[in-house]
Amino acid sequence: MVMAASETKFHVLAVDDTLIDRKLIEKLLKTSSYQVTAVDSGTKALEFLGLHNNDHQDVEVNLIITDYCMPGMTGYDLLRKIKESSSFKDIPVVIMSSDNIPSRINRCLEGGAEEFFLKPVQLSDVNKLRPHLMKRTQTNVNKRKAMDEIVSPDRTRARYNELEVN
């Protein structure tokens, strides 16, 4: 059974070291029909993705939303690790922070973050995520169609039939 993109349950990895903020973002995401995995550090996020020990997991994460200020590894550090990974570099990453520091916001956006939300995150912020997810889903569909075209039996047969036999 093939699900339309609108019916797909997107999986979001939420990363925040503060329990109340983590629970809030988790509740907002679930209210918006996202599947959510919540962890309390950048290291645990990397472990979940299998990037901590280069032990790539077969997890389907469609978006990562992370706090900027966390002990050990900042959200920006996590963003850099994600964007350096060949397996996860195309996953949209959203940074959130209580601090409205323009240089920090610019640094994150220039580093590859799709959005930067100020805390407390609200439902209107979560609603801004869907276009990033849909864009990625459409890109994946287009890649699959292109691959199907390349290995399609009809295309192969047509190429084979064009060969001249001497």
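Let's start with contacts. Take the pairs in this protein that sit at least 6 residues apart in sequence; 62% of those contacts join residues at least 24 apart. Keep in mind that this is a predicted model.

Now the overall layout. The protein has seven helices and five strands. Follow the sequence and the pattern reads β-α-β-α-β-α-β-α-β-α-α-α. There are 166 residues, and 39% of them count as buried. The accessible surface is about 10,100 Å². Carbon and sulfur atoms account for 50% of that surface.

The largest nonpolar core has 24 residues. Which residues have the most contacts inside it? They are L13, V15, L49, I64, L78, I82 and I95. Five elements are listed as giving two or more residues to this core: β1 (11–15), α2 (42–49), α3 (75–84), β4 (93–97) and α4 (102–110). Which of them gives the most? That is α3, with four residues.

Look at I95 for a moment. Leave out residues up to four places away in sequence. I95 then touches T66, Y68, G75, Y76, L79, C108, A113, E115, F116 and F117.

Next, two single residues. The first stop is S32. Where is it found? S32 is in the loop between α1 (19–31) and β2 (35–39). Buried or exposed? S32 counts as buried, because its relative accessibility is 14%, and the cut-off for buried is under 20%. Its contacts, again leaving out residues up to four places away in sequence, are L123, V126, N127 and R130. Take L123. S32 and L123 are 91 residues apart in sequence. In space, their C-alpha atoms are 8.2 Å apart.

The second stop is L118. This residue is in strand β5, residues 115–118. L118 has 35% relative accessibility, so it counts as partly exposed. That label covers values between the 20% and 50% cut-offs. What does L118 touch, not counting residues up to four places away in sequence? The answer is S97, D99, N100 and D125. One more distance here. L118 and D67 are 51 residues apart along the chain, and 9.8 Å separates their C-alpha atoms.

To recap the two stops: S32 is buried, and L118 is partly exposed. That's the tour.

Definitions and conventions
Residues are numbered from 1 along each chain as its sequence is written. This is a predicted model: local features need pLDDT of at least 70, side-chain atom pairs count only at pLDDT 80 or more; totals for chains, interfaces and linings use all residues. Side-chain values use heavy atoms; hydrogens and water are left out. Buried means under 20% relative accessible area, exposed over 50%, partly exposed in between (1.4 Å probe, protein chains only). Contact means heavy atoms within 4.5 Å. Accessible areas come from the Shrake-Rupley method with a 1.4 Å probe; for residues, only the protein chains shown count as cover. A nonpolar core is a set of buried Ala, Val, Leu, Ile, Met, Phe, Trp, Tyr and Cys residues joined through side-chain atoms within 4.5 Å.
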